[in-house]
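Please keep the sequence and the model in view while reading.

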Amino acid sequence: MADTREESEPLLSRARGGSGRDCPRGVPACSSVQESPGAAARRDLCLDQAVVLIEDAIQYRSINHRMDARSLWLYRRYYSGSSQWILSFTIFLILALAFVETPSSLTRTSDVRYRLAPWEPPCGLTEGVEALCLLVFAADVSVKSYLIGWAQFRRNPWLLAYLVVLVVSLLDWIVSLSLVCQEPLRVRRLLRPFFLMQNSSMMKKTLKCIRRSLPEMASVGLLLAVHLCLFTVFGMLLFTGEKDAGQDRERLTYFFNLPEALTTLLVLLTTANNPDVMIPVYSRNRAYAIFFIAFTLIGSLFLMNLMTAIIYNQFRGYLMMSLQTSLLRRRLGTRAAYKVLSSVTAEGETHPERLGVKPEDFLQVLQKVQLDSDHKQAITEKLHSRGGGLLSTDEFQKLFDEFEKRVVKEHPPRPEYRSPFLRTTQFLFGHHYFDYLGNLMALGNLVTICVFLVLDAHVLPKDRDDFVLGILNCIFILYYLLEMLLKAFSLGLQGYLSYSSNVFDGLLTIVLLVLEISTLAVYGFPHRGWKPAMLGLLSLWDMTRLVNVLIVFRFLRIIPSMKLMSLVASTILDLIKNMRAFGGILVVIYYVFAIIGISLFRGVVVAPRNSSLASVNGSVPCGSFEQLEYWPNNFDDFAAALVTLWDVMIVNNWQVFLDAFRRYAGPWSEVYFVLWWLVSSVIWVNLFLALILEVVDTPGPDSS
């Protein structure tokens with residue numbers, strides 16, 4: 001948020017450095033250049049400054065940067081689409097290296113029983129790619145530090161951390177090469193997610209809000225810890241009977257010692273082992289159910305929901321405050337641009353106090369601004385709709401209200417046909433009732449697929465006769481093709497392609513047509529007993545499945561036609577746009593915990609000598625890691641680690657992972673999984689729920 005000084009002082013005064021809010025001192029504004037080669041140079045500088053300030057306002061960027069001609073040129077190149085794409089691709093590339101680096105994830109399966117030796121890149125290959133990425137980041141931090149100035153750079157903790165992470169990564173990279181890529185730990189892999197966070201202002205704001213919520217979350221966490229400890233002691237005292245077989249079974253299975261009892265109740269807090277943990281004693285005496293019900297009521301239903309309420313309370317108004325901050329940045333940018341352009345008008349005028357911005361100057365600046373053509377056209381039309389004369393401050397500000405509006409894209413006019421028959425045909429097949437008929441046909445196609453799936457549920461794929469389904473699919477696909485052609489005839493080719501739903505339908509129809517023609521060319525026309533041997537890359541069954549999958553996917557076309565579904569779908573799209581920062585936070589925590597998990601647990605899960613041991617002779621306990629055949633869940637490579645962490649985050653059967661890694665790696669492994677549960681299932685999931693409520697209550701433009 002801006003301080004009070006920002007509104008009380010002129011935006012482009014010498015005291016502010018001539019560049020707007022918090023610019024470095026000593027940078028002259030265009031209106032204060034006294035020793036310029038000429039008026040043309042001063043005018044060009046003013047227009048360039050106005051272009052950059054307007055672009056800052058559009059993108060909600062701070063105007064805290066240098067404003068001289070060379071810096072403006074560099075600033076626009078830095079924030080150009082190509083430069084930002086290169087930076088984003090570099091971040092993606094350095095994060096994706098974890099899938100290729102040792103241990104490589106390039107295997108068909110992660111199951112330790114069937115996994116073959118993966119291809120490992122030679123030393124220097126991934127390191128070379130990483131070096132290029134680090135060079136891009138070094139250039140990024142250098143440009144940023146130059147544009148905002150050294151004084152501002154020293155006061156920015158994120159940029160200072162950026163520099164430190166680069167230096168540490170470079171040193172660790174040198175160590176890797178000196179040890180011929182045989183180092184036991186790569187510290188720089190843990191630091192890579194920082195590049196993603198540093199490049200997103202919304203992720204920074206989210207982390208700040210999480211840090212602000214930590215004290216209250218810690219207080220609830222302390223209550224949870226006390227709750228767990230008290231009920232652990234109560235449980236160990238209750239389930240130590242010598243004569244009751246149920247008590248003895250409960251003690252040996254779940255409350256054998258203090259750490260095991262604490263782990264059991266921690267898992268029960270997530271209800272993952274309910275009611276298994278209660279059954280041994282409950283089957284002997286129903287009164288023991290009171291203990292477990294009381295624990296669940298206090299812990300799961302009260303304290304865990306209290307955690308959600310605290311997080312939501314901290315984030316209440318979070319998006320609104322972010323939106324207000326962004327709008328303030330926009331107002332500062334537009335006000336500074338107005339100040340600059342009015343200074344151009346002031347040159348040579350006798351009454352500068354009555355001056356404003358010339359419309360032709362604004363239009364000249366608008367043509368240089370990086371902005372989509374629809375918004376440019378809307379602003380230009382609004383400017384032409386007003387009367388002549390100079391633009392005042394309010395009029396200039398109102399022009400930028402067009403950014404808050406969604407531009408309604410006008411569709412090309414329909415073609416005009418002379419023939420009455422063609423005009424009637426155009427009217428019939430261009431009517432929205434024709435869309436309803438198409439939706440009905442898509443529904444009928446989906447129903448036929450479902451019917452045959454039910455009828456053939458107990459028939460092996462090799463024994464199925466797809467004669468009827470094949471005929472029906474051919475008929476439906478021919479109708480889809482006819483529908484596409486008739487719509488293109490009624491709306492015109494450009495008009496047809498101007499609707500995203502038509503593009504979706506058309507692409508899937510073309511793909512379905514190509515697959516159907518390929519099937520007929522390879523396997524012939526459907527007939528009774530249509531079960532030919534496999535020819536080419538795909539069998540008949542595989543091609544039929546692929547066609548059916550695309551048909552089911554095409555059924556999504558009905559969503560825009562149903563108001564309730566369309567409203568829900570649009571809400572989900574808005575959520576996705578506003579939740580990118582929180583998805584980034586999830587990527588960061590997954591990445592960090594996966595790298596730590598690989599360092600701690602790589603190779604601890606060993607394949608059994610007899611792969612059918614658990615399922616055949618029953619020599620392992622029921623419900624254990626081995627009996628459930630959870631062998632693909634391990635930390636032997638990055639992709640497997642991500643899936644394992646996902647399975648634990650869902651907390652369904654996560655006690656199986658706790659037990660298995662305690663046996664394979666040691667009791668200290670539980671600390672890792674409990675920390676992951678706290679960070680992912682407790683903090684992030686509750687944060688996600690709170691932000692969904694906030695987005696639904698206060699929808700607005702993305703302020704990232």
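Contact here means heavy atoms within 4.5 Å. By that criterion, and leaving aside neighbours within four places in sequence, Ser498 is in contact with His411 and Pro412. Ser498 lies in the loop between α22 (493-497) and α23 (500-523), where helices (H or I, at least four residues) and strands (E, at least two) are DSSP runs numbered from the N terminus. Ser498 counts as buried because its relative accessibility is 16%; buried means under 20% relative accessible area, exposed over 50%, and partly exposed in between, with a 1.4 Å probe and protein chains only.

The model is predicted, and local features need pLDDT of at least 70, side-chain atom pairs count only at pLDDT 80 or more, and totals for chains, interfaces and linings use all residues. Residues are numbered from 1 along each chain as its sequence is written, and side-chain values use heavy atoms, with hydrogens and water left out.

The protein chain has 30 helices and zero strands. Of its 704 residues, 45% are buried. Among contacts between residues at least 6 apart in sequence, 72% join residues at least 24 apart.

The interior may be described through its nonpolar cores. A nonpolar core is a set of buried Ala, Val, Leu, Ile, Met, Phe, Trp, Tyr and Cys residues joined through side-chain atoms within 4.5 Å. The largest has 133 residues, and those with the most contacts inside it are Phe137, Phe195, Phe362, Phe396 and Trp654. Helix α26 gives the most to this core, with 13 residues. Beyond four places in sequence, Trp654 is in contact with Leu266, Val267, Thr270, Ala272, Val648, Phe673 and Trp677. A second, separate core of 19 residues includes Leu446, Tyr479, Tyr480 and Leu512.

Leu600 belongs to helix α26 (residues 580-601). With a relative accessible area of 38%, Leu600 is partly exposed. Not counting residues up to four places away, Leu600 touches Trp668 and Tyr672.

Leu222, Val226, Leu230, Val233, Phe234, Leu237 and Leu238 form a nonpolar patch with about 660 Å² of accessible area together. Patches are made of residues with over 30% relative accessible area and no salt bridge, like charges being joined within 9 Å and nonpolar side chains (Val, Leu, Ile, Met, Phe, Trp, Tyr) within 5 Å; a salt bridge is a side-chain nitrogen of Lys or Arg within 4 Å of a carboxyl oxygen of Asp or Glu. Leu222, in helix α10 (residues 201-238), counts as exposed at 57% relative accessibility.

How many disulfides does a search of the whole structure find? It finds one, a disulfide being a pair of cysteine sulfur atoms within 2.5 Å. Cys123 is joined to Cys181, with an S to S distance of 2.0 Å. The link is right-handed, with 70 degrees about the S-S bond. This pair connects distant parts of the chain, 58 residues apart: Cys123 in the loop between α4 (81-96) and α5 (125-148), and Cys181 in the loop between α7 (157-178) and α8 (187-191). Cys123 is partly exposed at 41% relative accessibility, whereas Cys181 is buried at 15%.

Definitions and conventions:
Areas by Shrake-Rupley, 256 points an atom, 1.4 Å probe, with all protein chains shown as cover.
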